[in-house]
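The following note sets out numbered remarks on the model shown below. Please read them alongside the sequence and the coordinates.

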Amino acid sequence: MSPSGIGSAPFSTKITARDVNVFYGAKQALFDVNLDILKQQVTALIGPSGCGKSTFIRCVNRMNDVVPSCRVEGKITLDGEDVYREEIDPVQLRARVGMVFQKPNPFPKSIYENVAYGPRIHGLADSRGELDEIVTSSLSRAGLLAEVKDRLGDAGTSLSGGQQQRLCIARAIAVSPEVILMDEPCSALDPIATARIEALIGELRSSYTIVIVTHSMQQAARVSQRTAFFHLGRVVEVGETAQIFTDPHEPRTRDYITGRFG
Amino acid sequence: MRVVDPALLELRKQLLRMGSLAEAILEKALTAVWKHDRAAAREVQTDDLEIDRLDVAIDEAVLRVLATQAPVADDLRGVIAAKMIATDLERVGDLARNIAKGALRLAEHPEVAIPARLRTLADEVQRVLHRALDSFADGDAERAAEVLEEDDQVDADQDVVIRAAIQEIMSHPELTSQGVDFILIAKNLERVADHATNVAEDVILATQARNVKHAAKLRE
């Protein structure tokens, strides 16, 4: 690992963060974060509450733009392109960089409309047939189609928690993103629904770059290839997941993952 | 204290107990050889049962801690090392039993002088085992690394004992049975040192996350 915490691996880089500092008003949330997110890999961000993991991923698709007091310094690139450049349309950016949240948040619409919404506003379908195709394939890729194909008109909120979360993943996939950011996507789910989402993450990896924030060490170990440990707004260590969980190089990483913290 | 700590401490306690039993059983088996002490040789057979019991208990404890605590980092390496060390110490118990069987056979024949080099080999092996167990008790990777260095000397000493015994058999065929037992005892001692070396390797894995097993062979 390089001292800057960037890390290195043979996979090509999808997202780079260089000297990223984030402030909420006077309070600094991230300090000189340098991190590479590799293509077609699952990168897990771990660390205690308030360490800046969520702040970091919300910078990648500029979700923090909607927080008035938030200021982002430094550079974050997607395929080499600065996502904070003036010409970048955050709405387009968020189509390329989708997000799944802690609590499933389907729109108060039908299952079909939840998935069709994005492609429709981004003009991705020229006909109803094309839209149907996108909805069906997205639900299928999210592993939900078999369970809902006969009731696409039912409310998204009528589904179970795990199904709702897969619906949100289908909704993110529907606009053909390149990156999927997941902020504790299983924290509200039971072990079976969690296992389904984890299996899904494994399947989606070949098509998307995935960043997952999780408080479950075992989940990070199971689903990711690379893990970054955040602490007090800094990246303490980043490396291959197997290395982080068998031989963390930084004492703070070891103390956190083994529960010796504090 | 973390939730996982009592389980790890218990595992360590069991291993330390197993280590001291392994040392004691080896000492008793060798005493049986040196002193033609049949009673001691027979005790070794029953003493080994306690080591076997601990081996089973450690297996169960390791499974339990892996299933319930999902240890990572140094905790995980410590648990894996504990399992491997237990296996090696259990083998030391078996080897001591073999040596004790040799003592029983030797006691059936007229007493012959114990080859001085066999005693030297035994001292060396007991020292190696003791140092390996010390390195475990103290989590001392440096001392563990020293143990690894000593294995070549044990191998060389074993060869000397075996060659001398063969020589003795050739010049005194009537002492063949005793000569063969000295060879077997030397072989068993050398295997004890191998297991002590494994213990030292596991200490290095647990403390420094370095796998040094077969290092020389794999470098070739």
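1. The largest nonpolar core of this predicted model has 138 residues. Such a core is a set of buried Ala, Val, Leu, Ile, Met, Phe, Trp, Tyr and Cys residues joined through C-beta atoms within 7 Å; a residue is buried if 20 or more other C-beta atoms lie within 10 Å of its own, exposed if 12 or fewer, and partly exposed in between, with C-beta atoms placed from the backbone. The residues with the most contacts inside the core are B:Ala29 and B:Ala132. Helix α3 (residues 73–107) of chain B gives the most to this core, namely 15 residues. Helices (H or I, at least four residues) and strands (E, at least two) are DSSP runs, numbered from the N terminus. In soluble globular proteins, nonpolar side chains tend to be buried together.

2. On conventions: residues are numbered from 1 along each chain as its sequence is written, and chains are lettered from A and ligands numbered from 1 in the order in which they are written. As this is a predicted model, local features need pLDDT of at least 70 and side-chain atom pairs count only at pLDDT 80 or more, while totals for chains, interfaces and linings use all residues.

3. Leaving aside neighbours within four places in sequence, B:Ala132 is in contact with B:Ala144, B:Val147, B:Ala196, B:Val199 and B:Ala200. Contact here requires that the two C-beta atoms, placed from the backbone, lie within 7 Å.

4. B:Glu23 belongs to helix α1 (residues 5–35) of chain B. Because 17 other C-beta atoms lie within 10 Å, B:Glu23 is partly exposed. Residues up to four places away in sequence not counted, B:Glu23 touches B:Leu129, B:His130 and B:Leu133.

5. The contact between the chains draws nine residues from chain B and 11 residues from chain A. On the chain B side there are five nonpolar, no polar and four charged residues. In this classification Ala, Val, Leu, Ile, Met, Phe, Trp, Tyr, Cys and Pro count as nonpolar, Asp, Glu, Lys and Arg as charged, and the others, Gly among them, as polar.

6. Chain A contains an open sheet of six strands in the order β6-β7-β8-β3-β9-β10, with mixed pairing. The edges are β6 (97–100) and β10 (234–240) of chain A; each has a single partner strand, so one side of each is left without a neighbour in the sheet. Two strands pair if DSSP finds at least two bridges between them. Strands β7 (residues 179–183) and β8 (residues 209–213) of chain A pair in the parallel sense over five bridges, and A:Met182 has A:Ile212 in β8(A) as its bridge partner.

7. Which residues of strand β3 of chain A are buried on its two faces? A:Val42, A:Ala44 and A:Ile46 are buried on one side, and A:Thr43 and A:Leu45 on the other. Five of the five residues of β3 (residues 42–46) of chain A are buried, so this strand is largely enclosed by the rest of the structure. β3(A) pairs in the parallel sense with β8(A) over four bridges, where A:Thr43 stands opposite A:Val211. β3(A) also pairs in the parallel sense with strand β9 (residues 226–231) of chain A over four bridges, where A:Ile46 stands opposite A:Phe229.

8. Strands β1 (residues 13–24) and β4 (residues 70–78) of chain A run antiparallel and are joined by eight bridges; the bridge partner of A:Val22 in β4(A) is A:Val72. β4(A) and β5(A) form a hairpin with two residues between them, and A:Asp79 in the turn has a positive phi of about 50°, although A:Asp79 is not a glycine. With 14 C-beta neighbours inside 10 Å, A:Asp79 counts as partly exposed.

9. B:His214 likewise calls for a check of the backbone: its phi is positive, about 55°, although B:His214 is not a glycine. B:His214 is found in the loop between α6 (176–208) and α7 of chain B. With 10 C-beta neighbours inside 10 Å, B:His214 counts as exposed.

10. On confidence, pLDDT is the predictor's confidence in each residue, from 0 to 100. Its mean is 96 for chain B, where 100% of the residues reach 70 or more. Chain A averages 93, with 96% of the residues scoring at least 70. Over residues 1–5 of chain A the pLDDT is below 50. Where pLDDT is low, the predicted coordinates should not be read in detail. The model scores ipTM 0.80 and pTM 0.86.
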